[in-house]
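Good morning, colleagues. May I ask you to turn to the structure on the screen.

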There are 4 protein chains.
Amino acid sequence: MASTFGTLFRVSTFGESHGGGVGVVIDGCPPRLALDLADLQHDLDRRRPGQSKLVTQRDEADRAEILSGVFGGFTTGTPIAVLVRNNDHKSGAYEHLRDAYRPSHADFTYDAKYGFRDWAGGGRASARETIGRVAAAGIARRLLHEVAGVEVLAWVSSVHAIDAEVDPAQVSLESVEAHPTRCPDPDAAARMTEAIEQARHDGDSLGGVVDCIARGVPKGLGEPVFDKLDADLAGALMSLPAAKGVEIGSGFSGTRMTGLTHNDPFVPGPEGSIRTATNHSGGIQGGISNGEDVHVRVAFKPTGTIASEQTTVTRHGEATTLAARGRHDPCVLPRAVPVVESMVLLTLADHWLRQRALDVLPPLPERP
Amino acid sequence: MASTFGTLFRVSTFGESHGGGVGVVIDGCPPRLALDLADLQHDLDRRRPGQSKLVTQRDEADRAEILSGVFGGFTTGTPIAVLVRNNDHKSGAYEHLRDAYRPSHADFTYDAKYGFRDWAGGGRASARETIGRVAAAGIARRLLHEVAGVEVLAWVSSVHAIDAEVDPAQVSLESVEAHPTRCPDPDAAARMTEAIEQARHDGDSLGGVVDCIARGVPKGLGEPVFDKLDADLAGALMSLPAAKGVEIGSGFSGTRMTGLTHNDPFVPGPEGSIRTATNHSGGIQGGISNGEDVHVRVAFKPTGTIASEQTTVTRHGEATTLAARGRHDPCVLPRAVPVVESMVLLTLADHWLRQRALDVLPPLPERP
Amino acid sequence: MASTFGTLFRVSTFGESHGGGVGVVIDGCPPRLALDLADLQHDLDRRRPGQSKLVTQRDEADRAEILSGVFGGFTTGTPIAVLVRNNDHKSGAYEHLRDAYRPSHADFTYDAKYGFRDWAGGGRASARETIGRVAAAGIARRLLHEVAGVEVLAWVSSVHAIDAEVDPAQVSLESVEAHPTRCPDPDAAARMTEAIEQARHDGDSLGGVVDCIARGVPKGLGEPVFDKLDADLAGALMSLPAAKGVEIGSGFSGTRMTGLTHNDPFVPGPEGSIRTATNHSGGIQGGISNGEDVHVRVAFKPTGTIASEQTTVTRHGEATTLAARGRHDPCVLPRAVPVVESMVLLTLADHWLRQRALDVLPPLPERP
Amino acid sequence: MASTFGTLFRVSTFGESHGGGVGVVIDGCPPRLALDLADLQHDLDRRRPGQSKLVTQRDEADRAEILSGVFGGFTTGTPIAVLVRNNDHKSGAYEHLRDAYRPSHADFTYDAKYGFRDWAGGGRASARETIGRVAAAGIARRLLHEVAGVEVLAWVSSVHAIDAEVDPAQVSLESVEAHPTRCPDPDAAARMTEAIEQARHDGDSLGGVVDCIARGVPKGLGEPVFDKLDADLAGALMSLPAAKGVEIGSGFSGTRMTGLTHNDPFVPGPEGSIRTATNHSGGIQGGISNGEDVHVRVAFKPTGTIASEQTTVTRHGEATTLAARGRHDPCVLPRAVPVVESMVLLTLADHWLRQRALDVLPPLPERP
């Protein structure tokens, strides 16, 4: 179950960087959902290498094939298997990593866990694994759009010390996609580009933060006590390569506030609805969505792979040095944007179905 | 499964603040573990109300009863059920909450999800629910201690704007328990006490951060890709009441570093071991423990319940005001310490067993 | 998860024959279900010892207490914990079983699995464990009745070589409960009583078959391919103590027919419905209910516990003899009836919820 | 999760009869298992169409491709994805099934469940789905052989009214594979062949029973109470297409015995072991393996697809007639043999790993 996510909208990914391919099986997608290959391909294109000069130049078209579960343009309710073949694999380029451990990579820990490892291209720890997530999320996006009008949108809010100024209520897909950094603040985006190019030139790498909001999330999603919506989002997002922190709503900065200012007062909303005047809760209270925008933030460390020479040891414990060869991302943030969205989409689709399974009895005539 | 945690060391909690009691069933605990009621009671006492003047004065002895799964002082391998009766419940004290929604509480979202709610004392959203987690974690602690010598230790590292200075490598249970704040920095602890008492006096509340380390964690725990050790820790910790952020290792501050300084160089360790010179990774790389101390941080928002009057609405959408009556914590941080430990313990125990189930074949004579 | 059943209507039992008690936690029951303790107690009374002279005379009132998850007479959607205390436990009576293995009991295999065992009264292998199932099934029965008008009814169809003649379409709860054997054929029931009393007198025991039908099951329940309705029923029923065989519809006798006579022809039914002319399928085709009565049969071996002396060995491998002392059932069939119903109810409730979670999109305007 | 089987050795199948292909993902296979494509292909060849004149003549080579999880000839511990492309699909041949429901097939129930269906070739209800199970079981077989010397062997024990005489203790793979019926009793095999050919000639079909034993199963596998070894076997086997009954050990015939003769006396075995003198228990007591041969039996109904004309209705409820065109099995029994083995293998592999995860503490010095 290590590679399976979700309870009802259940996603299982497979595949390594080098080998037959990577892919995903989605079990539990409701039948009768109109689905087109383009629903999957669109976000795969947003995460694929070589899309701009800011990212790795590995040449992968990442074309998806739907193997099962769709008939005549609609999901059948049975498992949907999606396969993306690996094309540009040059395992020879990794020969020098057979014995040496790249610092802050998974080489050492995979050896520790499994007793050996697929050293060609990072194996299962390669960011290429996220293809399966993104493909599955294309289906989740379509489902959530159709049943609830949910929109999930992420953007780069900081790179290294450069913080963007973005109003979550105003940000749009167009403004995010307008710049290869996927930062919707043009001024910050320009400085980020500069910083990333400088890092590449220096044989160094940068990290940063991705923000993500989900608009139109129905209230009532999330299940106490371990499967709270925020708990599942945190687990989902921390499972992304290079993620080191997750915040919901006010996050760590909220600890500097007091209850009087942090509490979100309820106010009467339009058409008899109940809203909150502020949203420090990030759209989630007691682990359950309250109808406000769900807002999460994910910290990504600077990419471990750098061109500069680093000291390390071999698997025999001998000191050695390593410098990354070939193609890699000096900053994963721009490509992380669709990947962050994918985990939020998968989490929401699962919880939307779970709430459907729970909410089956008529309202009580009178409350106890 | 909403109230179930873990894959092999599987914990299911039940119970509300007011009613027959709260408890937990642990299914999957290995047989032949020496177990005493005191193993559970010790941490229950650390989290119980009324233990100091800093916390809520609700009077609950929180005595655990083991109903099953232990025979002659040893676990039998079958489900261990633990029950803690509720004593001090005065549901009349909650009558005024029948219709009004406490800001930043789960009242509104429970109504939205379930169509009605147990309004007496917070129901399932009460912090009392964590009793089951802490009781189960007493067993996990014993297991991890016995099989791997693991020690899990948390402390309060900040309250509101007061940051403690603590060396994670040096902190001890004694230093944490030396002060009712559970902050091992005496100077900061004193200022925190003052701040908490001031907040109570002001009808306000404070949040803060709990740090937690796990020492002696064997390398190799955690499973790519969704069940990474850091992902499961993040989900576990974010499921705690009032948690709004989780960090592993360098967390958000690591995004301000560059790859060259953030990467943890591997170095030869004692007796042929392999260690890292720094620990920005927080003991986890590629989702798998690397043998260094696992280090996590959890942000807790200021308590939602405050004595000051706040504006809110009733479930009919009418504006009203509320002020907390009776007993509550002006700052949950001191009591959050054993609760944070409990989720780390449950996560580690589960992953330790999972790795045992995976690591069953002999080493390869020669690696491919 | 060994003691957990179901995906959405999730039932976890705990407890041994001797100890604090036995019970169950139900996680996933929809909120707003009217629920009374009597809903649980009714079937507990049908399975409890001492209800007639045909069954064991152990004196247990088996009174259930609902600890959580119900408020003001309705389920809240959170875990429902139910506890039944053990009263009449005389562990001294089992002292002679400390080392000797009862033939065809779980003594030897528990030792083999766990390294030791709770030898007082059968521990977890005691039929007393089924109390948790029956209590949970009372809730499932109420749910299925309310949402779909489902009726689940079992009866004893054979004891040893005595076969009852029963028309499944006509059998009623009244006819089943009319006789302590729970066989609705009065003539067979009388002969069964005689045979059971003779077996008790001879220090021997008898087995038999329980039939169970579910009426009013909506079509569409069951999920290809591993969670087929018949697969889940088979697993559920074979998990009962002493079960050795399960049949759906025509079962083993169907293998003696040919396709031409075994196939159930579809015929137009009332109000545009589609029915089958025969029901060799037992209401399930391709693993999915087709709207006809679901019909299962369960074979129970003769009770292992007998008063006659039997040869066996001790846990040290030494030959010895054993004869059951005290109270036991010479034939479990009468008490097995509510227990068989309970597993059918739990399976159907789970699949009813699963189908609700899947069937969420509008019908297709035109089929591909 | 509908298409996922197992807790630790976790198998997820996908694919329809007509479409991109069928396959399986195995998550949880231990690393360092030597694995060759031939391990999978061998049983795929035993189940594939066209292997003899007794079975369907659909022309499928069923060549497997391993997409992931194997490196340098060894499993890596990460998901193993296996794909078998569909070659010989003529969906036009199924056009007449677009609206008409084949009796005792899944056409009607799939429509009832999903609102429409993939009518080309049976979709997910096609026996072709079992390819994924058989491929995964090839890996389970290799694992069980390597770690425990387990051998799993099935055979045809009856077809229609023809019962084979087979000594389970003596039957061998060679004797099973010696005849295309996979019945190791040559005389019965000859009569079965005749009966099957007659049925084909008559436009009719036959059912029968497959027996399966597992030799060398370690004692201690299986988990009380819902995941008993016999319960999981029953669920696994009843999930096979056309299965209508499952027996463990004495099964239904055991209900005609009495306790005195049915109980399996324990006797001292070689080298201090403990054995049973008889094996009515079928190698499982209290849901846990006792070290004797595990023995199960599965009833398969006569194939639903027959060439004779049958009355049925369309999805609009109109009466019509249908006769199978093209290629189909007049008797699935010979091809069912490797498929039955596959479910036994998957169940045992899973429980073997589960017991490894439980049995982690040292023996007790002294038993309570």
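This is a predicted model: local features need pLDDT of at least 70, side-chain atom pairs count only at pLDDT 80 or more; totals for chains, interfaces and linings use all residues.

Let me begin with chain A and chain B. The two bury about 8900 Å² between them, and carbon and sulfur atoms account for 60% of that area. Lys113(A), Phe226(A) and Arg367(A) provide 10% of what chain A buries against chain B, more than any other three residues. The contact involves 114 residues from chain A and 114 residues from chain B.

What polar interactions are found across the interface of chain A and chain B? There are 45 residue pairs in polar contact, and the count of salt bridges is 6. In one salt bridge, Arg367(B) is joined to Asp111(A), with the closest N and O atoms 2.9 Å apart. On the side of chain A that touches chain B, helix H2 (residues 107-114) of chain A gives the most, with 7 residues. By class, that side of chain A has 48 nonpolar, 41 polar and 25 charged residues.

Strands also meet here. Strand E11 (residues 243-248) of chain A and strand E11 (residues 243-248) of chain B run antiparallel and are joined by 3 bridges. Within this pairing, Gly245(A) lies opposite Glu247(B).

I turn now to chain D. Which residues of helix H1 (residues 37-47) are buried? They are Asp39(D), Leu40(D), Gln41(D), Asp43(D), Leu44(D), Arg46(D) and Arg47(D). Among the elements of chain D that cover them are strand E4 (64-66), strand E7 (80-85) and the helices H3 (130-148), H4 (173-177) and H8 (333-358).

Thank you for your attention.

Notes: Residues are numbered from 1 along each chain as its sequence is written. Chains are lettered from A and ligands numbered from 1 in the order in which they are written. Side-chain values use heavy atoms; hydrogens and water are left out. Buried means under 20% relative accessible area, exposed over 50%, partly exposed in between (1.4 Å probe, protein chains only). Helices (H or I, at least four residues) and strands (E, at least two) are DSSP runs, numbered from the N terminus. Contact means heavy atoms within 4.5 Å. Buried area is the accessible area (1.4 Å probe) that two parts lose on being put together, summed over both. A salt bridge is a side-chain nitrogen of Lys or Arg within 4 Å of a carboxyl oxygen of Asp or Glu. A polar contact is a pair of N or O atoms within 3.5 Å; within protein, one must be able to donate a hydrogen and the other to accept it, and residues adjacent in sequence count only if both atoms are side-chain atoms. Ala, Val, Leu, Ile, Met, Phe, Trp, Tyr, Cys and Pro count as nonpolar, Asp, Glu, Lys and Arg as charged, and the others, Gly among them, as polar. Two strands pair if DSSP finds at least two bridges between them.
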